[in-house]
Amino acid sequence: MKSHALFLCCLVLFLTLLVGGLICRADFLTEARDRLANGERDAATALFQKHLDSAPPSASIYYELGQVHASADQSAEAALAFNRALLLDPSFTPARDALNAANRDLGIPTAPLDWRNKVAAAIPPDALALGAALLFWVGAFLLLFPLYRKKTRPLFIGFGIFLLLTGTATGLLSLSTDPRFLHAREVMILKESGTVLYRTPTTDPFAKITTLAPGTLINVLATSGRWFHGQLHGGQEGWFLQEGCKPVVPLFVTSKE
């Protein structure tokens with residue numbers, strides 16, 4: 001009886017915390033929208049961010065946050081939010097259009113969509129990964145099934161090998177087109193004055209290559225103290241300070257964000 005009572009207490013506590021968390025998230029979002037309707041952009045931005053920090057990531061909420069930044073003429077922050085929305089939903093056309101508009105405001109050319117972006121926009125990455133896992137395990141089952149039968153059926157084995165290979169190929173395609181993996185090491189320049197790109201990790205003006213405008217995306221290749229070694233989309237490489245940068249994928253951790 002004691003064990004049953006303890007189990008019920010734990011279950012009630014878990015459900016209470018779960019419901020409390022859901023209510024808290026809903027309150028953040030509702031209040032953020034109310035503050036935005038009253039013209040309180042700063043408060044709305046903070047509440048949208050609190051909701052995103054406490055809830056599963058959402059493309060629509062990042063899109064709303066980006067619109068708030070855009071309405072406050074914070075084009076770089078808006079571009080970051082729209083980029084994050086597209087990481088979660090590559091087919092989210094309003095977010096892509098809004099990102100293009102933010103890039104125009106920043107004077108940054110929008111990179112053309114390659115085949116990986118087009119595949120991700122056509123087939124949700126999570127659905128592609130799920131399909132790959134399903135094909136792989138059905139193929140594996142069909143290969144193992146004849147081992148428990150007296151007679152081996154070549155059709156089972158052939159079809160199983162086909163499904164196994166198809167599942168593996170689909171899984172590799174999923175990994176190579178999922179924007180959350182493709183952009184996992186990208187950071188965006190948010191500093192209003194831009195960030196200087198150097199040939200070496202030093203602030204020596206003679207080592208300066210160029211100044212990167214706010215909204216610029218850079219793929220991080222390595223880190224050294226306060227410095228990032230990165231590569232621009234055009235192929236140019238160089239060193240820049242981490243201050244004033246934020247990761248496109250929120251889980252990417254910098255030493256100083």
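Visitor: Phe228 and Phe240: buried or exposed?
Guide: Both are buried, meaning under 20% relative accessible area, where over 50% is exposed and in between is partly exposed (1.4 Å probe, protein chains only). This is a predicted model, in which local features need pLDDT of at least 70, side-chain atom pairs count only at pLDDT 80 or more, and totals for chains, interfaces and linings use all residues. Residues are numbered from 1 along each chain as its sequence is written, and side-chain values use heavy atoms, with hydrogens and water left out.

Visitor: How many aromatic pairs are there?
Guide: The structure holds 6. Rings of Phe, Tyr and Trp (its six-membered ring) pair if their centres lie within 6.5 Å; planes under 30 degrees apart are stacked, over 60 edge-to-face, and the rest tilted. Tyr63 and Phe92 make a tilted pair, 5.1 Å centre to centre with 50° between the planes.

Visitor: Where do those two sit?
Guide: Tyr63 is in helix H3 and Phe92 in the loop between H4 and H5, so the pair ties together parts 29 residues apart in sequence. Helices (H or I, at least four residues) and strands (E, at least two) are DSSP runs numbered from the N terminus. Tyr63 is buried at 18% relative accessible area, and Phe92 is buried at 16%.

Visitor: Which residues form an aromatic cluster with Phe82?
Guide: Tyr63 and Phe92 form one cluster with Phe82.

Visitor: What does Ala95 touch?
Guide: Leaving aside neighbours within four places in sequence, Ala95 is in contact (heavy atoms within 4.5 Å) with Tyr63, Phe82, Ala85 and Leu86. Ala95 is in helix H5 and is buried, with a relative accessible area of 0%.

Visitor: Switching to the largest nonpolar core. How many residues does it have?
Guide: It has 33 residues, and Phe48 and Phe92 have the most contacts inside it. Such a core is a set of buried Ala, Val, Leu, Ile, Met, Phe, Trp, Tyr and Cys residues joined through side-chain atoms within 4.5 Å.

Visitor: Which helices supply it?
Guide: Helices H1 (2–37), H2 (41–54), H3 (59–71), H4 (75–88) and H5 (93–106) each supply at least two residues. The largest share, 9 residues, comes from H4.

Visitor: And what does Phe48 touch?
Guide: Not counting residues up to four places away in sequence, Phe48 touches Leu29, Ala32, Arg33, Leu36, Ile61, Glu64, Leu65 and Val68. Apart from this core lies another, of 10 residues, among them Leu197, Ile218, Phe240 and Cys245.
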